[in-house]
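I opened my notebook to look at a protein model and jot down what I could find. Here is what I had on the screen.

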Amino acid sequence: MFPEYDIIVVGAGHAGCEAAAAAANLGSRVLLITMNMQTIAQMSCNPAMGGIAKGQIVREIDAMGGYSGIVTDKSMIQFRMLNRSKGPAMWSPRAQNDRMLFAATWRELLEKTPNVDFYQDMVSSILINNNKACGVVTGLGHHIKAKAVVITSGTFLNGVIHIGEKKFGGGRVAEKASTGITEQLVSLGFESDRLKTGTPPRVDGRSLDYTKMEEQKGDEQIVGFSFLNIDKPKLQRSCWITYTNQTVHDILKTGFDRSPMYTGRIEGVGPRYCPSIEDKINRFAERDRHQLFIEPEGWNTVEIYVNGFSTSLPEEVQAEAMHQIPGFENVKIFRPGYAIEYDYFPPTQLKYSLETKLIGGLFFAGQINGTTGYEEAACQGLMAGINAHQKINEREALILKRSEAYIGVLIDDLISKGTEEPYRMFTSRAEFRTLLRQDNADLRLTELSHKLGLASDERMENVLQKKKGAEKIRKILSTFTVDPETTEDYFIARNTAPLTQKQKASQILLRPSIDLFSMKNYIPGLGEQLEEFSTETIEQAEIQVKYDAYIEKEKDLVKRMSQLEDLMIPENFNYDRISSISNEALQKFKKIKPGTLGQASRISGVNPSDVQILMVYMGR
């Protein structure tokens, strides 16, 4: 019934979709197996993409030829660039999306991708021969052969849903859990554990009083996520902000004795940075209110997502408390919030390619590795899809460094440090964030991906034009002279001292209150010289000029630190012969088997002295 495939991708969430698309676009014949064809690329939690550091990840996926940025732009109902008041290293794009349009757009793109086949079934085990994955066994009993397997199981592995004292199996509300894979892998020597996440109630927007909330509109200028020219929406939908209060908290507390989190029925650790409302009340007892974001689910639906009110308390407690929120006095609930507990495999069991160390040709991506969030899952899927293709074609794996991408930071963090709670990306996790900006993801990554055969010629051409344009603008600014006599009013209007003598435009741009767009509009003669360039190219040139000293400083730091990254540790290195390192370092080295001294230095619990001793034993 089934031919032999190059790669089987198990699960069609954000990780699975990116994995299937990447491998297929590189030329592999891919089978995407999902338990429900109607929930491909489902936004299981909030209807939004991007945000702090996550927006940078989506732009990186897009720069490499993934689909998440395109899908986000085609289905967005609101766009905001967060942190505009800070430096460009902190700017993070975020979009509200039409939930149904997002999933439909993803499916349409996958169906138009040559080499992708679909099958609806549950995968119950992996076919393994000589310690290599060679296919899957499905719930219907089919043995489907492949050269590599990518598991992107999300929250479905032995998933259990909790609402108050009720609990039942499920990978998502109204969808059954997946069984068999955990048990098989544990029997083969894999280590597994449990994590927990949650989601808030969905409510009827017609029952809300928006006059009691703060309106949050989208940006006038929509930048978007994709570096391709995707049409942006002409209109945007507003979000709204309201707050809990002490009455809401007091009502919620009445249900704590029936909360699965506090009664011990949930064993898994929840996400620290996206806590449930009951967790917030407990951890931040001194606060008398918490912010809630009221987010529409799409263009043509009244359904509303109550961001910030994730909960697994009993339904009647959820309902009673919500009626005390300003604007929610007459709220009608479509669906209560719930918590979900699921299996994951600590990611220290993976290579940098996301291939498992124990079984060749078996790759993990997404929440199975302990991450949280669509964006974190999608970028892992992209890398697993690329590296599964590379593996079966006996090519070198694509490994992104911490200095090259947030994707590189995420994967290195997971593999070097592991995680015992759902991992979420933040800008603070990246030591080179001045280099890893959202505006230059294409300049950093497209050429790399184009050489592999994933990023298109069109993308590569756009990058070359952007590079040339930015260089041209920098040259113009370094030679264009600004006259004090014709610009006094401009400088006064920008709250900065007028010129006393002629100065180059590049020097003026270094002033904090000056930007290139206002210079272009108000400094005589400059506008004409910059007329041919796009907004994106002008912004890129401005960032390069304004932050040149910081960027160069960070590049120097990368060079110095890369010396450790280039020092390879042999795979068969015998750590037992090192007598003078700490027991913790010895255990971590033997378990994780770092590939370089750089990775060894980032392992949690390893001290600089341990690394120095390791260098001595390696003959360095």
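My entries below go through cysteines, backbone angles and helix pairs.

**Ground rules**

I am working with a predicted model, where local features need pLDDT of at least 70, side-chain atom pairs count only at pLDDT 80 or more, and totals for chains, interfaces and linings use all residues. I number residues from 1 along each chain as its sequence is written, and my side-chain values use heavy atoms, with hydrogens and water left out.

**Entry 1: cysteines**

How many disulfides does the structure hold? I found 0, taking a disulfide as a pair of cysteine sulfur atoms within 2.5 Å. Cysteine 239 is in no disulfide, and the nearest cysteine sulfur, in cysteine 45, lies 14 Å away. Then I looked up accessibility, where buried means under 20% relative accessible area, exposed over 50%, and partly exposed in between (1.4 Å probe, protein chains only). Cysteine 239 is buried, because its relative accessibility is 2%.

Cysteine 274 is partly exposed, because its relative accessibility is 46%.

**Entry 2: positive phi**

I reminded myself that most residues other than glycine have a negative phi. Alanine 41 is not a glycine, yet its phi is positive, about 55°. I found alanine 41 in the loop between β2 (30-34) and β3 (48-50); helices (H or I, at least four residues) and strands (E, at least two) are DSSP runs, numbered from the N terminus. Is alanine 41 buried or exposed? It is buried, at a relative accessible area of 0%.

Asparagine 131 also has a positive phi, near 60°. This residue sits in the loop between β7 (123-129) and β8 (132-138). Asparagine 131 counts as exposed, because its relative accessibility is 52%.

**Entry 3: helices α3 and α4**

Two packed helices are described by the angle between their axes and the distance between the axes. For α3 (residues 68-75) and α4 (residues 99-111), I noted an angle of about 135° and axes 9 Å apart. Axes are lines fitted to C-alpha atoms, for helices over the stretch in contact, and angles run from 0 to 180 degrees between N-to-C directions. Why do I call α3 oblique to α4? The angle of about 135° makes it so: under 35 degrees is roughly parallel, over 145 roughly antiparallel, 65 to 115 roughly perpendicular, and the rest oblique.

Contact here means heavy atoms within 4.5 Å. Among the α3 residues that meet α4 are Ile70 and Val71, and the α4 side includes Phe102 and Trp106. I sorted the residues of this contact into 6 nonpolar, 4 polar and 1 charged. Ala, Val, Leu, Ile, Met, Phe, Trp, Tyr, Cys and Pro count as nonpolar, Asp, Glu, Lys and Arg as charged, and the others, Gly among them, as polar.

**Entry 4: threonine 446 and its helix**

I found threonine 446 in helix α11 (residues 441-452). Threonine 446 is buried, with a relative accessible area of 1%. Leaving out residues up to four places away in sequence, threonine 446 touches Ala63, Ala441, Ala455, Arg459, Met460 and Val463.

The axes of α11 and α12 (residues 457-479) come within 10 Å and cross at roughly 140°, and are therefore oblique to each other. Thr446 is one of the α11 residues that meet α12, where the partners include Arg459 and Met460.
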